[in-house]
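Reader: Please take me through the terms used for this structure and show what each one rests on.

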Amino acid sequence: MTHAIVTSALLAVASVSALACEARLDGGKTIESLRYSIAYRPDPARVTVGKPFAVDMIVCSKDAAAKIDELRVDAHMPEHRHGMNYKASVKPQGEAGRYRAEGLMFHMPGRWEFLFDVRDNRGIERLKQDHTVQ
């Protein structure tokens, strides 16, 4: 009987972890790497050149044993070989895996690439996503 209770508890924890990693943000995008999944959404939804914006995120590890030590958010323009003129600050938002980056601004129109760096005990995993600003 004890074995059945332990097995049920483990399955419940695994189910909750799997559901959390399927999290989505309304109007947002999801990107995947080998180790992480990130659902993110800029705030405001329409990013405008020269205006500050934030990014809300849900970060999920595909390894239940991993613990995120740090999350950094940045952006750069690959064709121009430069980044933003501002450094974003990233803060946890209460619930496990939820973060908000503030202080971002795209100072010129064109193709930008969001950079999400997740640091854990195995190193840094970088996820990238294109974002075009008119």
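Author: What follows is a set of questions and answers on a predicted model.

Reader: Why is Arg100 called buried?

Author: Buried means under 20% relative accessible area. Arg100 has a relative accessible area of 19%, so Arg100 is buried. This residue is found in strand 7.

Reader: What makes the link between Arg100 and Asp56 a polar contact?

Author: The cut-off is 3.5 Å between N or O atoms. The side chains of Arg100 and Asp56 are joined at 2.7 Å, and the side chain of Arg100 also makes a polar contact with that of Glu102, at 2.9 Å. Both values are therefore within 3.5 Å. Leaving aside residues up to four places away in sequence, Arg100 touches Asp56 as well as Asp43, Ala54, Val55, Met57, Ser89, Val90, Lys91 and Gln93.

Reader: Why is Arg81 called exposed?

Author: Exposed means over 50% relative accessible area. Arg81 has 78%, so Arg81 is exposed. Its place is the loop between strand 4 and strand 5 (82–83).

Reader: What makes the phi of Arg81 worth a remark?

Author: Arg81 has a positive phi of about 60 degrees although it is not a glycine. Most residues other than glycine have a negative phi.

Reader: Which peptide bond is cis, and what is its omega?

Author: The bond that joins Asp43 and Pro44 is cis, with omega about 10 degrees. Pro44 belongs to the loop between strand 2 and strand 3. Most peptide bonds are trans.

Reader: Why is the ring pair of Tyr40 and Phe116 called tilted?

Author: Ring centres must lie within 6.5 Å to pair, and planes under 30 degrees apart count as stacked, over 60 as edge-to-face and the rest as tilted. For Tyr40 and Phe116 the centres are 5.1 Å apart and the planes are at 50 degrees, so the pair is tilted. The pair links distant parts of the chain, with Tyr40 in strand 2 and Phe116 in strand 8, 76 residues apart.

Reader: How do you know that Tyr40 and Phe116 are buried?

Author: The relative accessible area is 1% for Tyr40 and 0% for Phe116. Both values are under 20%, so both residues count as buried.

Reader: Why is the pair of Phe114 and Phe116 also called tilted?

Author: Their ring centres are 5.9 Å apart and their planes are at 35 degrees, so the pair is tilted. Both Phe114 and Phe116 are buried. The count comes to 7 aromatic pairs, and one aromatic cluster is formed by Tyr40, Phe53, Phe106, Trp112, Phe114 and Phe116.

Reader: Which residues touch the most other members of the largest nonpolar core?

Author: That core has 26 residues, of which Ile38, Val55, Met57, Leu104, Phe106, Phe114 and Phe116 touch the most other members. Elements giving two or more residues to this core include strand 2 (36–43), strand 3 (53–61) and strand 8 (110–120). In soluble globular proteins, nonpolar side chains tend to be buried together.

Reader: What makes strand 8 and strand 9 a pair?

Author: At least two bridges are needed. Strand 8 and strand 9 have 11, so they pair, and they run antiparallel. Gly110 stands opposite Val133 in strand 9. The two strands form a hairpin with 2 residues between them.

Reader: Why is Cys60 called buried?

Author: Cys60 has a relative accessible area of 6%, which is under 20%, so Cys60 is buried. Cys60 lies in strand 3.

Note on methods: Residues are numbered from 1 along each chain as its sequence is written. This is a predicted model: local features need pLDDT of at least 70, side-chain atom pairs count only at pLDDT 80 or more; totals for chains, interfaces and linings use all residues. Side-chain values use heavy atoms; hydrogens and water are left out. A nonpolar core is a set of buried Ala, Val, Leu, Ile, Met, Phe, Trp, Tyr and Cys residues joined through side-chain atoms within 4.5 Å. Buried means under 20% relative accessible area, exposed over 50%, partly exposed in between (1.4 Å probe, protein chains only). Helices (H or I, at least four residues) and strands (E, at least two) are DSSP runs, numbered from the N terminus. A polar contact is a pair of N or O atoms within 3.5 Å; within protein, one must be able to donate a hydrogen and the other to accept it, and residues adjacent in sequence count only if both atoms are side-chain atoms. Contact means heavy atoms within 4.5 Å. Rings of Phe, Tyr and Trp (its six-membered ring) pair if their centres lie within 6.5 Å; planes under 30 degrees apart count as stacked, over 60 as edge-to-face and the rest as tilted.
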